[in-house]
Amino acid sequence: MKISYNWLKEILEFNLDSDQTSALLTDIGLEVEREEVYENIKGGLQGLIVGEVKSVEKHPNADRLNITQVDLGEDENYTIVCGAPNVKKGQKVVVAKPGTTIFPKNNSSFEIKNAKIRGQESFGMICAEDEIGLGNGHDGILVLNKDANIGDSAANYFNVVSDTIFEIGLTPNRADAMSHYGVARDLLAALKFKKLLPSSSTLKAIPDKSQIVTRKNIEINISIEDADQCQRYTGIVIKNIQVKPSPKWLKDKLESIGIKPINNIVDVTNYVLHNFGQPLHAFDLDKIIGKEIKVRTPKDQTLFTTLDGQERKLDKEDIMICNSEKEMCLAGVFGGLESGVTEKTKTIFIESALFNPVLIRKTAKRHGLNTDASFRYERGVDPSMVLPALIKACEIITDLSGGEIASEILDVHPKETKDTSFEVNFEKIRKIGGIELDNKTITELLTHLEIKVGSIKTNKALVKVPAYRNDVTREIDIAEEILRIYGYNNIEIPEKINSSHSIQQKISNHSIQQKISNHLVSLGAYEIMNNSLVKREYGNFLDEKSNNHISLLNPLSNDTATLRKTLIYGAVEVLKFNHFNGNPNGTIFEWGKVYSENGNKYDQENRLLIATTGLQNEEHWFNGKLESSFFQLKGIIESVFKSLGIYYETKVLIKDHLWEEGLSLTKGKDKLAKVGTVRKEISNLIGFKRNYFISEIYFDNLMKIIANSKPKIKPINKFQKVFRDLSILIPEEVTMQEIKNSINQINSKLLKNTTLFDIYRDKKNIGKKAYGLRFEFLHSERTLKDKEVDSVMNSIQSKLEDKFNAALR
């Protein structure tokens, strides 16, 4: 946001130069990111002097040149060769002495130097208006009025405006500083506290009703459909206006802060906007059908053409300013093409209102509009400036357009905006800030900020914050206000810091997260990070019965409208992006939080997602293409859990709104992970139809198990393992997990592991499959005997025959 130094000094009288002002603004939280010098004439006519032509003689070697003697108020006259046909003795002219840089109207700047022209030395140049940026004329030199003072600077003669413009990086919470008046108000508080201004100093008085004379010639009927949409709507009618270019002072004001002048009516509304921070809008009264103003919402998909000529489809939640028949303006955002002010306009209705910030922001984002008005409304304007801004605009417009007030001030105020009150603890504020300010000083500082402080009892007091400070609602906000005016640079840094060494009793989430991340990276995986906000359609996709997704009240766009309930959608979007950008293969992982609503309670969980797609390995002469698979990802999950010493149970995943098929990993009642494939509808929604596999790990449950587990150490077994194989024919529907569960029921201490090494199917045994099983046996204290192993194998065979009708092959 651009703020003019000169403009500030018109509102507040103070003695700081522009550099000091910039430093102070930055200290109090209005950070000046850039400074630039503005001049209404490029170069500011620096070095140009008013002179008088004392004599004119023809150049002996050139018919069109003259040799002049020019008095610049110095001891000796300057000899200047001039080719202008209109140069005469006694003229007051603008002279550029040697060493002066001039800025021609439509050319590059250049420096004036001593020159020899056709054998005659020339010391400077008598300037035409286009040569110094004052106009386009080049028929001859610029001749000044006879009362011009010899030796005076041209900048002084032409009243060149020179200003310093501050580019302030305004944070979104500082709605109160979105104007010159608001910045001056903050500056006043700081100057008073630092004793650079007397405590009695005030800003330039804001206008009130007594400054204008109203008449009841024209009546306008105003109605507001919903007080929550529009808390206040004011307006006034001005007739017999003449729409024309603005005067120079107003043009200079607007151009200094980067606003292009349009006409005297529009320019005044822009001036008041940047002066007081209150947006205004001017309607052509003759285009207000029925002389009626209605603040309401439209029918959904109503067509409306804005000032830029673009036809837009309105939303049923857009606030509109309407006449008795149709919409005229997108309230607080953008005017309509049919109701705007033109050169033929003779009577105007000026609006000054207070609209709902959330609804204005939604409308602006919905239609892709970002205007000076919406920028302020969506952050919250000063409720007390609605009427003063209207009165100020009325004063200037009647003065510049020759118009006259033709109505009373119309003011519909269905909903009062109240100041905010809450209790603060001064002692707590001192601890937060590390400052030693007494209660009296804190009270004085807050009073400078127009925050009223009630009686103080045991370091506690009730504060009343003005409505224009909508960002100050808590004790911590008061602490921030005190610190920024006191000065963060003034907070003393202690000479020593006392601390107690703490012994960490439990494993931190971060250390486990780092261990897992390092493990995954060692396997060739890449970490990704996605936004916690996802598209609106992801909220309850394929899960219409569940309403536990959390939607934002005021989203920036539909792509960031809902808090994610799962990491899956973001991961699939990344896989898609990588695939279409030349990286179709690979494994990715992401740490993140997921969110849900449970009644009146909001829950968040930490999760880890791992996904793989494309080829498992780069193509090489010694190995072929090996596609990513469920078992590849399952192996990665197993390796992660094994590195943490966590053992788990598996069961077949039940199909739901996210998962198509796969396995669920559990430990007792705790869910540890899901691994498998997601629903095809999700792939279709995102537009990625390649094969991919995903696992989502419930990290909070994982940490709970790790915290409750104690590492056990045992020596390496020095005895030899015994392996036995068994090939059985079983029904097709029997799973390996069921077989493992059945074998575990035998409860043999000698059996250490069961693995599947072969699967075979043939056409002769339809509905059957052959499993090749390998069993690992080991005794911790001695070498096993064949009889011991045979006994267990017989038990396993009998168990499988009885439970699954298995047959040996």
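A crossing of two helices is left-handed if the near helix is turned anticlockwise from the far one by less than a right angle, and right-handed if clockwise. In the predicted model, local features need pLDDT of at least 70 and side-chain atom pairs count only at pLDDT 80 or more, whereas totals for chains, interfaces and linings use all residues. Residues are numbered from 1 along each chain as its sequence is written, and side-chain values use heavy atoms, with hydrogens and water left out.

Helix 10 (residues 426–433) and helix 12 (residues 475–486) have axes that come within 10 Å and cross at roughly 60°; axes are lines fitted to C-alpha atoms, for helices over the stretch in contact, and angles run from 0 to 180 degrees between N-to-C directions. Helices (H or I, at least four residues) and strands (E, at least two) are DSSP runs, numbered from the N terminus. The crossing of helix 10 past helix 12 is right-handed. Contacts (heavy atoms within 4.5 Å) join Lys-428, Ile-429, Ile-432 and Gly-433 of helix 10 to residues of helix 12 including Ile-476, Ala-479 and Leu-483.

An open sheet of mixed pairing contains five strands in the order 14-17-20-21-22. Strand 14 (221–224) and strand 22 (334–335) are at the edges with a single partner strand each, so one side of each lacks a neighbour in the sheet. Pairing requires at least two bridges found by DSSP; strand 14 and strand 17 (residues 292–296) pair in the parallel sense over four bridges.

Thr-79 lies in strand 5 (residues 78–82). The side chains of Thr-79 and Gln-69 make a polar contact (2.9 Å).

Methods
Polar contact = N/O pair within 3.5 Å; in protein donor to acceptor, adjacent residues only side chain to side chain.
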